[in-house]
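Here is a short briefing to read alongside your structure. Have the viewer open and follow the residues as they come up.

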Amino acid sequence: PDMYFYGSTLLLRSFLLTLVPVALQDAGAQIMMLCAFLLFFSLLQSSTKPWRSVMANAVDSICSVLMVLLLVSGSLATQSGVETPGEVLSVVSILVMSSLILIVAGSLAFAMCVVLMSRRPKFSWFICHHKAAAAAQARLLKILLQQADRKDRVFIDSDDLKDLDELFNIVKSDVANFVTYLTGDTLRRPWCAGEVTTAFKASSAKVVAVTTPSFLEPKEDELNNLDRYIDQDGGCSLAQYSIHLEDVKWSFIKLLDAETPRVRVRTDSLSTLKFNFVVAEVSKRPLPKQTLQLPPLPNDSGLVAISADQGDDEAIASASILVSKLQECLHQRMEGGQGEPLCSLCDMDLSDLYALADFIANSQTIIVLLSVGTMASPQQLVAILEGGAIQVSWGSECAMSPIKSKPSAPDDKVRMVIPMTLPGFIFPGVHFYSAVLPGMLPMHNEEAQTCVRAFFKLIACPLSTHASDQLLDLQAADVVARVPKAARAKKLARASSADGPIIKELAMRTAVNASGSSRLTEVGVAAEDSDDEDMVFSV
């Protein structure tokens, strides 16, 4: 598009080439002038590269050079006083003309192949999503779709988009199935609105809507005022891409219509199984046979456990992504290559906080994914308290690196606590320690503060779920480097300060919300007596 003026250059070249025989009578002068014009415009074309594809620019340059060679071979037949054998002239002319014919024919054949191949979509799936709310969920859907059929290519912008200006063109011509993953603000994002409109108005892709509990359909007055409904501060002007708000409104109505296939993310499951159900319904494959009932915690000791908030779909998806990244590396490092080194706590029944505390205390390594709702999750707080207690047990002087500071410790005593931050997590500040935590655990505030502060002294690794797959590989490699190279422990001695009384108080202050996940409550009404079981709390 930046070379819009090159059409005038082509017209000028054609005019000058046809003007040469009229202006000059001498054959030699004509040939020299024609060669000069051809070489000049060939140099101009090579420097500006006006055509879209590299192949087209190369063919243009080669044709110009061959035309110059044809003129040079033709000059051998002029009356220059030098006799040139007819056979030599014939061979040179035939070679030049044959080259021109082959290049033109080859270019046409290549163009036809490109057109025929372009009819087959480059991507089997395109996942439209709001990065801030569903980056990990979209990536997990990509992983599961590719596991179901390894031939499928799945587009998510973090991995496959190089230029934002090409985004709508990809939706228009390179996608077979368009999945709209609807969270709270998906349709408010201008890029998502443009993708949905392009999928309905200019693409032959099959559209499927996946709705999450946070999604609310836009009301009629919002559809009539899309200029205010759509976030105009997203750095995207839909009018720039010839996408009008009338078309966006029609596409939104079409997306939410009963004719468009719709898949709902299940709320009766707190594990990654809900995403397996989504993929099965989207791709029209048989539903998973697993039961929705979560299995109990394993009895094995010395595992690498990953803890995440079961009440946050983004945290659950992040844990599953991390498992897929760490699985192969850690499995190869296990002694004899036997057993399952990883245990994702999101896929386990964590209703018994005592069992969870014992399991974490007996794990070789505990990886805690810190998400937005972590500090309100009783299971996550148990992991933080146990992780902090492990650091306290090593001593304050070695809280930053317990493994290296105790080189003589036997393998069955080695424990590593690795915090990992997800996008959106805010580290607790003064208000949390002075007001929030005492409200959660008023009876054991001092012990809880000691463990929580010890936990957050550890250097956290980021898990950038909104970034590219290559960056996630590097971050996973950083985690693997921190996991101690030790055999699975037979029985780890409990080294935790978060013992029974604290867990009991956590269990008392746990409330189950409508989605089935549990959340901590703060102190409401003080107890009339000192008996723990008679205390009354409000959410």
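R266 sits over the face of F277, 4.5 Å from the ring centre. Please keep in mind that this is a predicted model. The protein chain holds 20 helices and 14 strands, and 46% of its 539 residues count as buried. Among contacts in the protein chain with a separation of 6 or more, 75% are between residues 24 or more positions apart.

- Just after helix 12, K284 adopts a positive phi of about 55 degrees.

**Aromatic pairs and a cluster**

- A pair of aromatic rings is described by how far apart the centres are and by the angle of the planes.
- The count of aromatic pairs comes to 14.
- One of them joins F168 and W191, a tilted pair with 5.8 Å centre to centre and 35 degrees between the planes.
- This pair links distant parts of the chain, with F168 in helix 7 (residues 167–173) and W191 in helix 8 (residues 190–201), 23 residues apart.
- F168 counts as buried because its relative accessibility is 5%, under the 20% cut-off.
- W191 is buried too, with a relative accessible area of 16%.
- F200 and W250 make an edge-to-face pair, 6.3 Å centre to centre and with 90 degrees between the planes.
- Here again distant parts of the chain are linked: F200 belongs to helix 8 and W250 to helix 11 (residues 245–255), 50 residues apart.
- Is W250 buried or partly exposed? W250 is partly exposed, with a relative accessible area of 40%, while F200 counts as buried at 17% relative accessibility.
- W250 also has a charged neighbour: K201 lies over its face, at 4.7 Å from the ring centre.
- Elsewhere, F123, F126, F155 and F178 form one aromatic cluster.

**Helix 2 against helix 3**

- Two packed helices are described by the angle between their axes and the distance between the axes.
- Helix 2 (residues 27–48) and helix 3 (residues 54–75) have axes that come within 10 Å and cross at roughly 165 degrees.
- That angle is over 145 degrees, so helix 2 and helix 3 are roughly antiparallel to each other.
- Helix 2 passes helix 3 in a left-handed crossing.
- On the helix 2 side, the contact is made by I31, L34, C35, L38, L39, S42, Q45 and S46.
- Helix 3 contributes residues including N57, D60, S61, S64, M67, V68 and L71.

**Helix 17 against helix 18**

- Helix 17 (residues 430–440) packs against helix 18 (residues 445–455) at an angle of about 130 degrees, and their axes are 10 Å apart.
- Helix 17 and helix 18 are therefore oblique to each other.
- The crossing of helix 17 past helix 18 is right-handed.
- F432, Y433, L437 and P438 of helix 17 make the contact with N445, A448, Q449, V452 and R453 of helix 18.

Technical notes: Residues are numbered from 1 along each chain as its sequence is written. This is a predicted model: local features need pLDDT of at least 70, side-chain atom pairs count only at pLDDT 80 or more; totals for chains, interfaces and linings use all residues. Side-chain values use heavy atoms; hydrogens and water are left out. Rings of Phe, Tyr and Trp (its six-membered ring) pair if their centres lie within 6.5 Å; planes under 30 degrees apart count as stacked, over 60 as edge-to-face and the rest as tilted. Helices (H or I, at least four residues) and strands (E, at least two) are DSSP runs, numbered from the N terminus. Buried means under 20% relative accessible area, exposed over 50%, partly exposed in between (1.4 Å probe, protein chains only). A charge sits over a ring if NZ of Lys or CZ of Arg is within 6 Å of the ring centre and within 35 degrees of the ring normal. Axes are lines fitted to C-alpha atoms, for helices over the stretch in contact, and angles run from 0 to 180 degrees between N-to-C directions. Angles under 35 degrees count as roughly parallel, over 145 as roughly antiparallel, 65 to 115 as roughly perpendicular and the rest as oblique. A crossing is left-handed if the near helix is turned anticlockwise from the far one by less than a right angle, and right-handed if clockwise. Contact means heavy atoms within 4.5 Å.
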